[in-house]
Amino acid sequence: MSTREIFDSRIESGLLLLPTLLVSLVFLYYPTALAIRTSFFDSSFGQGDEFVGLKNYVTLLTDSGYHSSLLLSVLFAAVVVVGVIAVSLYLTFLIHEVDTGQGLYLISVIWPYALPPAVGALVFLFIVHPTLGVLTGPIEALGVDVDWFNNGPQAFVVVALAAIWKQIGYNVIFMIAAMNNVPNTLTETAELDGVTGLRRLVSVYVPIMTPTLFFLVIINTIYAFFSTFAFVDLLTSGGPSNATNILIFDLYQEGFSFFNFGVASAKSVVLFLLVGVLMFVQFRVTDEYSYYGA
Amino acid sequence: MVELLQYAKRRADALRGNSAAETTYDAKPGTHLQLWLLVFAVVFPIAVAVIVSTKQTGVVTSLGDLLPGSYAVENYREALVDYQFGRFMWNSLAMSLVIVVGKLVVSVFAAMAIVYYRVPYKDLVFLFILFTLLLPVPVRFIPLFQLMNDLGWSNTILAITVPYIASATTVFILRQHFLSIPTSIVETAKLDGVGPLRFMLFVLLPMSKGVLVGVSIIMFVYAWNQYLWPLIIIDSEANQVAQVGLQLLQGDVQGGQLSWSLVMAGSTLTLLPPLLLMIVFRKPLLETFSIQQK
């Protein structure tokens with residue numbers, strides 16, 4: 001490390017760091033500080049500030065709507081994370097197993113990494129539209145009445161499916177790298193011991209891929225909480241009856257439908273703490289696994 | 001793709017070493033069949049979008065209607081010209097390019113200072129940059145909105161680009177890559193009396209081509225797919241980006257004039273830039289992802 005440090009001008013290094021530090025300070029740290037400050041004020045439209053202490057936080061603690069939104073987000077994240085990991089892991093395993101056409105299979109399933117969530121949402125809206133959807137007929141033929149504009153649980157499932165679909169690509173990218181790192185001798189030994197097919201995936205590959213899988217669980221959780229906004233906004237607008245009103249959409253509405261910047265800022269602070277906890281857990285566990293030979 | 005090459009190599013080795021064991025994990029036809037079905041499921045929604053974008057009205061209510069129409073040219077022309085989608089695409093492109101170039105330059109500077117300068121408090125500065133990972137747009141869009149109003153940047157390209165220029169992820173990936181450049185090369189440069197600017201231009205950048213392309217693709221996909229922030233801060237159609245502009249193609253929904261073929265034409269157009277970049281540059285992209293996880 002020391003031999004890499006070939007320059008020592010403080011002014012030069014300061015100038016090189018200046019743009020990143022300045023933008024971080026003005027557009028990342030300062031707004032965060034502002035959010036913390038505003039969360040202690042009764043602030044509508046960002047004006048008419050009146051210091052109210054912890055009132056906004058008390059509001060959150062006693063608001064049953066906010067509690068359901070929090071619970072809903074946790075449930076949504078759980079469904080999305082489990083769905084994405086399961087589908088991606090199985091897809092990766094199948095690609096890992098075939099001898100021919102791997103490159104083509106791989107690009108055919110990792111492309112949703114590039115998919116804009118807004119596009120994914122509108123396409124989903126179209127294919128399972130209650131009256132127009134091309135898949136609506138076939139699904140109803142199975143005995144399900146497609147009515148997710150009015151049916152909360154159905155709306156939840158539609159948003160979750162769209163969110164899972166978009167995230168498969170990113171997961172397979174990391175999983176295929178991890179699975180290809182499993183020593184070949186291990187695969188051969190497993191085969192000789194008669195551990196084949198899915199059992200090899202579950203009892204040989206998954207344990208070795210644990211660090212990668214854990215990394216993906218955290219990334220997918222953050223994704224489900226924050227990056228699925230476009231799906232909710234375009235598919236359901238949080239409805240019907242708040243059935244898909246996850247925290248990020250709830251925050252957006254608090255800020256830009258109701259213009260309660262004080263309460264919205266308190267909600268931002270809660271989200272900030274949530275990201276912090278998730279990142280901390282990831283950091284700690286990744287640290288533990290770093291000797292595991294990822 | 002690097003994983004595939006490694007995989008192929010290992011398979012070849014295995015073949016040479018023990019061809020009897022090799023036959024046991026020849027893919028069964030069932031594996032290909034399952035892959036085909038899953039790939040079909042992952043591609044199906046977008047295939048429907050592309051097909052619908054070529055039809056007259058875009059009303060597709062059964063699987064039998066999924067034959068391409070002959071209105072492709074007319075639909076794309078109408079979306080791009082009559083509905084100003086060309087304008088939105090251009091705005092998205094400008095936003096994404098400014099973010100990519102800005103982030104790249106600023107992050108190369110920062111990572112160079114962190115790796116190649118012997119100055120005090122360097123680790124602290126790196127931590128200060130890394131800590132911004134905890135401050136994604138969703139936790140600070142409320143105060144950022146207030147800040148943009150104060151700066152008078154609302155509804156401008158500055159608002160949707162400058163806050164993204166500082167990037168902990170990019171600095172981190174570049175730092176990891178710089179640390180992997182052999183010290184002997186760095187020391188040789190020092191012995192030759194190479195100054196910082198020439199070191200950057202003639203040593204560092206040429207040795208980082210792959211990773212620079214990789215992070216550029218990651219940044220472009222990220223920037224192009226932004227939805228929440230432009231939705232909040234851009235309120236004129238002339239300055240709107242494609243992700244948010246897609247909704248405007250829906251036309252008069254209440255009046256029953258919803259034109260799905262136009263929405264799907266817009267969706268296809270919006271998907272193309274990130275998708276093409278990802279496919280063309282998949283090799284450096286996947287290599288860069290493998291750095292990110294470390």
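**Entry 1: the annotated span.** I began with residues 70-282 of chain A, whose end C-alpha atoms lie 21 Å apart. I noted that this span is 76% helix and 0% strand. UniProt, in an unreviewed entry, places the feature "domain: ABC transmembrane type-1" on these residues. A reminder to myself: I am reading a predicted model.

**Entry 2: chain A as a whole.** Next I looked up the secondary structure and found 13 helices and zero strands in chain A. Read along the sequence, the pattern is therefore simply α-α-α-α-α-α-α-α-α-α-α-α-α. I then took the extent of the C-alpha trace, which spans about 75 × 70 × 30 Å along its principal axes. Chain A has 294 residues, and 45% of them count as buried. I also checked the contacts between residues at least 6 apart in sequence: 72% of these join residues at least 24 apart.

**Entry 3: inside chain B.** I see chain B divided into domain 1 (2-78) and domain 2 (88-292). Their contact takes 16 residues from domain 1 of chain B and twelve residues from domain 2 of chain B. On the domain 1 side, α1 (2-17), α3 and α4 (72-82) of chain B each supply at least two residues. The largest share of that side, four residues, comes from α3(B). By class, I wrote down eight nonpolar, five polar and three charged residues for the domain 1 side.

**Entry 4: the nonpolar core.** Which members of the largest nonpolar core touch the most other members? I found A:Ala121, A:Leu122, A:Leu235 and B:Ala110, in a core of 166 residues. Helix α7 (residues 152-180) of chain A contributes the largest share, 18 residues. Both domain 1 (2-78) and domain 2 (88-292) of chain B give residues to this core, so the core lies between them.

**Entry 5: one residue up close.** I picked A:Leu235 and left aside its neighbours within four places in sequence. A:Leu235 is then in contact with A:Ala121, A:Phe124, A:Leu125, A:Val158, A:Val159 and A:Ala162. One of these partners, A:Ala121, was already on my list of core members that touch the most others.

Note on methods. Residues numbered from 1 in each chain as written. Chains lettered and ligands numbered in written order. Predicted model: local features only at pLDDT ≥ 70, side-chain atom pairs only at ≥ 80, totals over all residues. Buried ≥ 20, exposed ≤ 12 C-beta atoms within 10 Å, placed from the backbone. Contact = placed C-beta atoms within 7 Å. UniProt positions renumbered as here; feature names shortened; annotations may be inferred. Domains from an automatic or database assignment. Nonpolar A, V, L, I, M, F, W, Y, C, P; charged D, E, K, R; others polar. Core = buried A, V, L, I, M, F, W, Y, C linked by C-beta atoms within 7 Å.
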